[in-house]
Amino acid sequence: MGITRRTALKTMLAGGAAVAGASATTTPAAAAPLEAPADALGLLYDATLCIGCKTCVVKCQEANHLEPDTAGIDARYNAPLSLSAHAKTVIKLYKGDEGESFMKAQCMHCIDPACVSACMIGALTKGPNGIVKYNVDYCVGCRYCEIACPFNVPKFQWSSNTPQIVKCELCRERLADGQEPACTEVCPRHAVIFGKRADLLQEAKRRIAAEPDKYQPRVYGETEAGGTQCLYISHVPFDKLGLPALDDRPAPELARSIQHTVYKGFIAPVVLYGALGMVMLRNRRSAEKPEA
Amino acid sequence: MPACPAGVHRLAGVSLAWRCPLFASFSLDSPGVGEVSRRDFVRFCSMAAAAVGLGPLAAEDFVKAAERGAKPSVIWLQFQECTGCTESLLRTSHPGVDELILDLISLDYHETLFAAAGHQAEAALKAAVEKNAGKFVCIVEGAIPTKEDGIYCMIGGRTALEIVNDVAGKAGAVIAIGSCASWGGVPSADPNPTGASPAHAVLKGKTVVNIPGCPANPYNLLGTVLQYATYGTLPELDEENRPKFAYGRTIHEHCPRRAHFDAGRFAEKYGDEGHRLGYCLYKLGCKGPATHANCSVMHFGEVVDAWPIGLGHPCFGCTEQKIGFRMPMHQTVQIFRPTPPDTYPPINANQGTISPVATAVGGAIVGALVGGGYVASKKLSQAPDEPPSSLPKAGV
């Protein structure tokens with residue numbers, strides 16, 4: 001009756017060996033560093049220039065037709081505590097041992113975004129100019145992107161009956177109209193500026209080189225998580241601003257290498273389902289055999 | 001001194017040349033006693049235009065209109081009111097009421113300012129209505145009682161309802177000044193024994209410009225009247241027929257105490273430290289965030305801080321139909337268009353936690369459900385195939 005213990009073990013081992021063999025051959029290839037597209041657009045936020053006026057927060061909500069966030073500290077105020085379904089950008093304040101600094105949070109527009117990798121259906125894609133864009137028509141609301149993002153950016157509209165994911169798309173509708181993003185347009189001190197990533201990176205390095213005592217000696221986003229299109233320079237350490245210490249590997253690399261390996265050439269599924277089919281066949285044959 | 005058919009009597013504290021409004025004029029050369037030079041006239045026309053936000057070109061147009069003799073005839077009706085709107089008008093000084101009623105407009109009927117009384121006054125009203133029928137501006141001050149056919153307010157044997165329908169029906173433009181004429185105001189407050197109604201409710205089918213306020217800011221009236229006199233048009237109105245130039249913003253938007261609101265500094269009760277320091281009055285029931293009016297930028301009688309919030313009292317919401325005389329004085333309002341506070345979230349905001357008690361309760365509920373389900377499934381599997389005979393059979 002049924003398969004023997006021996007057969008089951010043999011089948012499992014065979015499947016496991018096939019997966020292991022496939023992954024051994026493909027893992028090194030996935031680690032190749034990614035280059036930003038030549039026309040990649042982004043933002044440069046200089047924490048030393050920001051005065052915390054929140055004009056960008058308000059203008060962003062207006063440009064993206066977002067309702068004021070009154071769930072934060074007090075219903076009297078439009079006060080998002082962090083990125084939320086009502087806020088694609090938010091100004092936070094660090095006050096501690098390393099001094100004080102404002103921090104503008106928004107989507108980093110990673111060169112190799114974890115959200116795009118995690119999205120099972122292609123609602124999040126890397127669009128022209130490297131903008132990580134969202135297509136609500138495809139979204140199934142699984143919120144994998146929320147969990148995958150190392151910067152905790154995509155937010156789900158919990159209070160909506162037809163919820164969407166809310167995240168900065170670099171005002172791509174405004175860009176199409178020839179305007180710049182709302183936040184950079186209204187910033188009174190040009191603390192956040194808009195441009196091509198290559199130019200912004202150069203400008204950031206120029207500012208650091210011009211005043212090395214003022215700035216932290218590197219540009220956050222140049223290499224973090226494989227590089228981001230939104231860059232930060234600051235006078236306080238980046239981890240104090242809530243920017244996680246990440247290595248140069250793109251955030252989705254590990255998960256992607258496993259998953260892409262498992263499904264490489266569709267070998268593993270074929271092996272697995274082949275084995276299952278064999279088991280079923282054997283079971284049927286033994287069931288059809290008359291009882292001894 | 002020419003004789004004045006209607007007669008405007010002098011008011012204490014108002015130094016006006018004793019002239020008739022119908023024949024008031026200014027001299028182009030050196031002014032005589034009691035006359036206004038053209039220069040002075042242009043000056044207060046500019047002030048009036050600036051005060052009501054019509055711009056410098058409007059002043060020129062006012063002057064030209066006045067030179068043409070096209071001063072608007074104004075008939076001012078008073079019903080269920082306290083004369084506060086008139087009193088506040090009397091206390092403007094740029095332009096002063098003398099300049100206003102003599103040079104900019106022709107005030108042909110006003111019970112408070114009239115020297116005439118009785119039959120004389122009634123005759124003046126009739127004459128003024130007939131003379132400028134279809135052209136004059138009818139200003140209504142006070143609510144109109146409608147219960148028992150309006151017997152609660154009668155003047156010269158006629159009810160307010162009859163008078164307002166008669167006069168406003170022949171007017172070129174109808175303006176309701178003050179909260180009573182605009183929304184019903186104090187007389188209409190619950191339980192409204194006289195059935196006090198606003199002008200627009202009585203004058204159905206006619207455009208009534210509402211200039212609410214308790215009292216209304218006289219500049220808002222002035223701007224509307226002068227625009228009508230000069231251009232023959234009414235200012236742009238909002239959905240409640242209030243001129244947008246005056247009622248297009250909330251008190252809160254330009255409140256001098258706004259910085260305190262943004263920073264979260266509130267007076268908690270009258271006379272406390274915060275109240276003495278001039279903190280925001282929101283928690284005392286200030287209706288500023290929901291009240292559309294220009295009080296915060298145009299104070300009364302040209303006296304700095306002569307308006308409720310300037311004096312340390314919360315805004316009462318008199319210009320709003322649903323707030324003034326309707327909402328309790330110290331109840332706080334919903335914020336209209338909330339804005340960011342003067343504080344910042346920390347880098348890692350604590351977004352609330354689940355207490356151990358809640359976790360235990362939740363766990364207990366889940367455990368009970370799982371246990372119940374297990375017991376039920378066990379009982380079901382043990383149940384006999386035949387239903388118990390005590391149960392009624394299907395179809396019986």
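Visitor: What makes E1(B) and E2(B) paired strands, and how do they run, parallel or antiparallel?

Guide: Strand E1 (residues 73-78) of chain B is joined to E2(B) by four bridges, and the two strands run parallel. Pairing requires at least two bridges, so four are enough for the term. One bridge partner of B:Val74 can be named: B:Leu107 in E2(B). Please bear in mind that this is a predicted model.

Visitor: Why is strand E2 of chain B called largely enclosed?

Guide: Strand E2 covers residues 106-110 of chain B, and five of its five residues are buried, so the rest of the structure largely encloses it.

Visitor: To which sheet do these strands belong, and which strands stand at its edges?

Guide: They belong to an open sheet of five strands in chain B, with the order E2-E1-E3-E7-E9 and parallel pairing. E2 and E9 of chain B are its edge strands, since each pairs on one side only. Direction ignored, neighbouring strands are turned against each other by 25° on average.

Visitor: How do you know that E1(B) also pairs with strand E3 of chain B?

Guide: Five bridges join E1(B) to strand E3 (residues 137-141) of chain B, and the run is parallel. The term needs at least two, so E1(B) and E3(B) count as a pair. Within this pairing, B:Ile75 stands opposite B:Cys138 in E3(B).

Visitor: Which helix packs on the sheet, touching E1 and E3 of chain B?

Guide: Helix H6 (residues 160-169) of chain B does, and strand E7 (173-177) of chain B is touched as well. The direction of H6 makes about 165° with that of E1(B).

Visitor: In chain A, why is one side of E8 and of E9 left without a neighbour in the sheet?

Guide: The open sheet of chain A has three strands in the order E8-E1-E9, with mixed pairing. Strand E8 (192-196) and strand E9 (231-233) stand at its edges with a single partner strand each, so one side of each has no neighbour in the sheet. Its neighbouring strands are turned by 25° against each other on average, direction ignored.

Visitor: How do E1 and E8 of chain A run, parallel or antiparallel?

Guide: Strand E1 (residues 41-46) of chain A is joined to E8(A) by five bridges, and the strands run antiparallel. A:Leu43 there stands opposite A:Phe194 in E8(A). Helix H7 (residues 197-210) of chain A packs on this sheet and touches E1, E8 and E9 of chain A.

Visitor: Why is the ring pair of B:Phe261 and B:Phe266 called edge-to-face?

Guide: A search over all chains finds 12 aromatic pairs. In this one, the ring centres are 5.9 Å apart and the planes stand at 90°; planes over 60 degrees apart count as edge-to-face, so the name applies.

Visitor: How do helices H2 and H9 of chain B pack?

Guide: Helix H2 (residues 56-67) and helix H9 (residues 218-231) of chain B pack at an angle of about 65°, with their axes 9 Å apart. The crossing of H2(B) past H9(B) is left-handed. B:Leu57, B:Ala58, B:Asp61, B:Phe62 and B:Ala65 in H2(B) meet B:Leu226, B:Thr230 and B:Tyr231 in H9(B). These contact residues divide into six nonpolar, one polar and one charged.

Visitor: What makes A:Lys54 buried?

Guide: A:Lys54 has a relative accessible area of 7%, which falls under the 20% limit, so it is buried. A:Lys54 lies in the loop between E1 and helix H2 (55-63) of chain A, and its phi is positive, about 65°, although it is not a glycine.

Visitor: Which peptide bond involving B:Pro215 is cis?

Guide: The bond from B:Cys214 to B:Pro215 is cis, with omega near 0°. B:Pro215 has its place in the loop between strand E9 (208-211) and H9 of chain B. A cis peptide bond also joins B:Asp190 and B:Pro191, where omega is about 10°.

How values were computed
Residues are numbered from 1 along each chain as its sequence is written. Chains are lettered from A and ligands numbered from 1 in the order in which they are written. This is a predicted model: local features need pLDDT of at least 70, side-chain atom pairs count only at pLDDT 80 or more; totals for chains, interfaces and linings use all residues. Side-chain values use heavy atoms; hydrogens and water are left out. Axes are lines fitted to C-alpha atoms, for helices over the stretch in contact, and angles run from 0 to 180 degrees between N-to-C directions. A crossing is left-handed if the near helix is turned anticlockwise from the far one by less than a right angle, and right-handed if clockwise. Contact means heavy atoms within 4.5 Å. Ala, Val, Leu, Ile, Met, Phe, Trp, Tyr, Cys and Pro count as nonpolar, Asp, Glu, Lys and Arg as charged, and the others, Gly among them, as polar. Buried means under 20% relative accessible area, exposed over 50%, partly exposed in between (1.4 Å probe, protein chains only). Rings of Phe, Tyr and Trp (its six-membered ring) pair if their centres lie within 6.5 Å; planes under 30 degrees apart count as stacked, over 60 as edge-to-face and the rest as tilted.
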